Amino acid sequence: MHQQTDVLVVGGAGVDIVVHVPELPLPYADSYMIRPGIETRAGQSGDFVALGLHALGLRTHHLDMIGDDHEGDLVRALHRDRGIPLTEAHQASGTKRAVNLVAPDGRRLSLYDASRGDDAGRFDETAVRRLAAATRHAHVVITQPCALTLPVLREAGVTISTDLHDWDGVDGYHETFALQADIVFLSTTALTDPERTMRDIAGRGRARIVVATAGADGSYLLHDDELTHTPAATPPAPVVDSNGAGDAFASGFLLGLLSGEHPCAALSTGRWPVPTPAPSPRPARPPSAGRNCSPGWPSSRRSGRPADPRPRLPGLRGGDGGYAVDHPSRSLTPGDTCGRPCPVPALFPPSRGRRSGGVPRLRPRRGPARRVRGRRRGVRR
């Protein structure tokens, strides 16, 4: 079947109620006056990844279980307004929802409504196979019942990525995703020994690439048995909301891989913020745009390369397609890489048929990343 989609996002559709609080942890009090207020908006992990990939020019399709309720209507409207195809299965217990407490420094605490989970829910296997046959890659969120799609996706021959978020390295539910994905994202927040957990994922599972974000300590990439550390960088604008920040990181990283970049170079695309996409689909590349830039981005008149979009952003905000810069380092411009040659990984074959036009290609050059430990070359600074 002809591939019509670059990335199929499975799961993670829902609604967040964002409450801005004066500080975290929030001291006990009878009441608080909240400003700038309380906001209810569509967008959880799967929605944010789909929005990020779509904003970066990749053809994206989203599959999840949604209820016949107000929250479900918000999710449907979000995808409809952004032009992202959505295939939904009925969720009898209702659409997923959460309350996010957001501090002035952008940190957040999420409270998920466990009553909206449905262990008995299932995707139609025929629909999953049909969507898998038309895509290059699948990003599977760790919500119910997405684990059941992993064998079907594997049988279809697509590569799989997943985000374990704040996994402790032990919980069996997360481990199912960790051991069946080709690319694994996770946070070091709950890990006592991040490197050991990353190597355990790669050693026992299928993962060829493991990426761990470590807050102010930057991020770590495990690929080909070599661990590379990228230090954190100063955000280009004030941090106002970290909701969706990790999803934006994953979106940019996947863009790099699907564009044929080495995983070390793909870290650069994960570190620069995703711009807020326009309500309508991105415009087609005009015939006169013969420069090496993507539609919708300004370019440098001298070099013809995509201009750095960051100065144009007055602030970076999570949710609804524009994501905050949280502590995981992603404020370097495209092209800041580890300096190694970046061959096209065999993990991602070139796209067949029409590409979604103008995806910027990153050119490797010397950057701040350093190899921490390797099987062959040891330490590189």
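**Before you click**

This is a predicted model, in which local features need pLDDT of at least 70 and side-chain atom pairs count only at pLDDT 80 or more, while totals for chains, interfaces and linings use all residues. Numbering starts from 1 along each chain as its sequence is written, and side-chain values use heavy atoms, with hydrogens and water left out. Helices (H or I, at least four residues) and strands (E, at least two) are DSSP runs, numbered from the N terminus.

**Stop 1: the sheet**

Select β3, β2, β6 and β7: they make an open sheet of 4 strands in the order β3-β2-β6-β7, with mixed pairing. Pairing here requires that DSSP finds at least two bridges between the strands. Strands β3 (38–42) and β7 are the edges; each has a single partner strand, so one side of each is left without a neighbour in the sheet. From one strand to the next, the twist averages 20 degrees.

Now zoom in on β6 (residues 96–102) and β7 (residues 108–112), which pair in the antiparallel sense over 5 bridges. Which residue of β7 is the bridge partner of Ala 98? Tyr 112 is. Further along, Leu 101 stands opposite Leu 109 in β7. The two strands form a hairpin with 5 residues between them, and Gly 106 in the turn has a positive phi of about 95 degrees.

**Stop 2: helix α1 and its contacts**

Select α1 (residues 45–55) and α7 (residues 245–258). Their axes come within 8 Å and cross at roughly 40 degrees; axes are lines fitted to C-alpha atoms, for helices over the stretch in contact, with angles running from 0 to 180 degrees between N-to-C directions. That is why α1 and α7 are oblique to each other (under 35 degrees is roughly parallel, over 145 roughly antiparallel, 65 to 115 roughly perpendicular, and the rest oblique). For the contact (heavy atoms within 4.5 Å), show Ser 45, Phe 48, Val 49, Gly 52 and Leu 53 of α1 with Asp 247, Ser 251 and Leu 254 of α7. These contact residues divide into 4 nonpolar, 3 polar and 1 charged. In that scheme Ala, Val, Leu, Ile, Met, Phe, Trp, Tyr, Cys and Pro count as nonpolar, Asp, Glu, Lys and Arg as charged, and the others, Gly among them, as polar.

The axes of α1 and α2 come within 11 Å and cross at roughly 5 degrees, so the two helices are roughly parallel to each other. Asp 47, Leu 51 and His 54 of α1 meet Val 75, Leu 78, His 79 and Arg 82 of α2. The tally for this contact is 3 nonpolar, 2 polar and 2 charged.

**Stop 3: an aromatic pair**

How many aromatic pairs does a search of the whole structure find? It finds 2, a pair being rings of Phe, Tyr or Trp (its six-membered ring) with centres within 6.5 Å; planes under 30 degrees apart count as stacked, over 60 as edge-to-face and the rest as tilted. Pick Phe 185 and Phe 253: their ring centres are 5.6 Å apart and their planes at 90 degrees, so the pair is edge-to-face. Phe 185 sits in strand β10 (residues 183–187) and Phe 253 in helix α7, 68 residues apart.

**Stop 4**

Most residues other than glycine have a negative phi, and most peptide bonds are trans. Go to Arg 35 and Pro 36, joined by a cis peptide bond with omega about 10 degrees; Pro 36 is in the loop between β2 (14–20) and β3. The peptide bond from Gln 144 to Pro 145 is also cis, with omega near -10 degrees. Finish at Asp 224, which has a positive phi of about 55 degrees although it is not a glycine.
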